[in-house]
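Student: Hi! I've just opened this one and I'm new to it. Can you walk me through it?

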Amino acid sequence: MKAFLILEDKTVFEGQSIGAEKEVISEIVFNTSMTGYLEVLTDPSYAGQAVVMTYPLIGNYGICREDMESRKAWPDGYIVRELSRLPSNFRSEDSIQNFLKEQDIPGIAGIDTRALTKILREKGTMNGCITTNENYKIDEIVERLKNYTTGKVVEKVTCASKSVLKGEGKKVALLDLGAKDNIAASLNERGCEVTIYPALTSAKEIIEANPDGIMLSNGPGDPKDCASIIEEIKKLYDTEIPIFAICLGHQLMALATGGDTHKMKYGHRGGNHPVKDLSTGRVYISSQNHGYVVDVDKMPDGIANVSFINVNDKTVEGLDYVNKKIFTVQFHPEACPGPQDSAFLFDKFIEMMEVKKDA
């Protein structure tokens, strides 16, 4: 069946329908990862977006549900050059085509994803429509595209209730803003007992549980849409509890302490982004998935120091908070999919909790 991708600038791509047969309007973003498509699909940070995979062949090793990063797939749509319909992998349980249908995600294959990515890089991220309606009226669709926003997607992706991953070590409160499962797993495999809280949990409840540390997770959407969560993070900041934040959590902590964020032209999404540790000069290759960034020039004086920067565009990739046991990063040290270079940050967090205990 034919399918069409219509962009906000009236560019139209024609291809074949894959996955669920339905029309969607979403923000179109691209991911440069060569592998890890299942982890991308099940990353809650993609809620409200349709993902273009720049690698030309997707699905060749099938689907292994053990690799899922959350309970379901989250993107509104999926866009590929070629979809492999005959996966080859001893771990494969199903094809990606069947998985997309099962998860009710529509998509389009057979289009020039290189050309599409160049448009998004040159003009910036824009909204788009995936449809199988050959009689579409482009002006009507473009009007709908201009009115689309992702909205408050954190509430959509967070867990419904509190849960606990048992451990014998430090007790960590993980605020689930759209957390990938490997964040909790990375802490748990280091011995931590991880209590996962819904995004709208009050700071009071978390503080009264007396955790050794607090983890603020990744998540989707515009950080400024999380006003009530930011107010609770301000209260967490005012405690002496060590805090480690990733991606959206990093942005929310900056907003909670008087900083600002802005939307990037096309964001960072993929497993090949170099970040420089300013304390050592060492560069790490990181996994990233974000469309917003902290404005370092708008951080109040004396609140935080920049710890990491992006080597390519010099944007802020990490902050260390002054006179606080708090550090945050924009990239993903849990790295699924992606390189494991920065996994040591979880060890740094545990050491920070040890120092609090000794004090």
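Student: How much of the chain is buried?
Tutor: Of its 359 residues, 59% count as buried, where buried means under 20% relative accessible area, exposed means over 50%, and partly exposed is in between, using a 1.4 Å probe and protein chains only. Keep in mind that this is a predicted model, where local features need pLDDT of at least 70, side-chain atom pairs count only at pLDDT 80 or more, and totals for chains, interfaces and linings use all residues. Residues are numbered from 1 along each chain as its sequence is written, and side-chain values use heavy atoms, with hydrogens and water left out.

Student: And what is the accessible surface of the chain?
Tutor: About 15100 Å², and 46% of that belongs to carbon and sulfur atoms. The areas come from the Shrake-Rupley method with a 1.4 Å probe; for residues, only the protein chains shown count as cover.

Student: How many helices and strands are there?
Tutor: The chain has 10 helices and 19 strands. These are DSSP runs numbered from the N terminus, with helices being H or I of at least four residues and strands being E of at least two.

Student: Why is the chain called as compact as a globular protein of that length?
Tutor: Its radius of gyration is 20 Å, close to the 21 Å that the globule rule gives for 359 residues, so the chain is as compact as a globular protein of that length. The radius is taken over C-alpha atoms, and the rule is 2.2 Å times the number of residues to the power 0.38. Along its principal axes, the C-alpha trace spans about 65 × 45 × 40 Å.

Student: Let's do the sheets. Which strands make the closed barrel?
Tutor: Seven strands, in the order 1-2-8-6-4-3-9, with mixed pairing. Two strands pair if DSSP finds at least two bridges between them. Neighbouring strands of this sheet are turned by 35° against each other on average, direction ignored; axes are lines fitted to C-alpha atoms, for helices over the stretch in contact, and angles run from 0 to 180 degrees between N-to-C directions.

Student: How do strand 4 and strand 6 run, parallel or antiparallel?
Tutor: Strand 4 (residues 49-53) and strand 6 (residues 77-79) run parallel and are joined by three bridges. Alanine 50 stands opposite glycine 77 there.

Student: Which helix packs on the sheet and touches strand 4?
Tutor: Helix 3 (residues 113-123), whose direction makes about 125° with that of strand 4. Helix 4 (residues 138-146) packs on the sheet too, touching strand 1, strand 2, strand 3 and strand 9.

Student: What joins strand 1 to strand 2?
Tutor: Five bridges, between residues 2-7 and residues 12-19, and the strands run antiparallel. In their hairpin, with four residues between the strands, lysine 10 takes a positive phi near 75°.

Student: I clicked on glycine 19. Where does it lie?
Tutor: Glycine 19 lies in strand 2 and stands opposite proline 106 in strand 8. Glycine 19 is buried, with a relative accessible area of 6%. Leaving aside neighbours within four places in sequence, glycine 19 is in contact (heavy atoms within 4.5 Å) with Gln97, Leu100, Lys101 and Ile105.

Student: New topic! What order do the strands of the open sheet take?
Tutor: The 10 strands go 10-12-11-13-14-19-18-17-15-16, and the pairing is mixed. Strand 10 (163-165) and strand 16 (283-295) are at the edges with a single partner strand each, so one side of each has no neighbour in the sheet. On average, neighbouring strands here are turned by 20° against each other, direction ignored.

Student: Which strands does helix 6 lie across?
Tutor: Helix 6 (residues 181-188) lies across strand 10, strand 11, strand 12, strand 13 and strand 14, at about 155° to strand 12.

Student: Last one: how many residues are in the largest nonpolar core?
Tutor: That core has 33 residues, and Leu216, Ile229, Leu252 and Tyr321 have the most contacts inside it. A nonpolar core is a set of buried Ala, Val, Leu, Ile, Met, Phe, Trp, Tyr and Cys residues joined through side-chain atoms within 4.5 Å. Helix 9 gives the largest share, six residues. Apart from this core lies another, of 25 residues, among them Val172, Ile183, Cys192 and Phe331.
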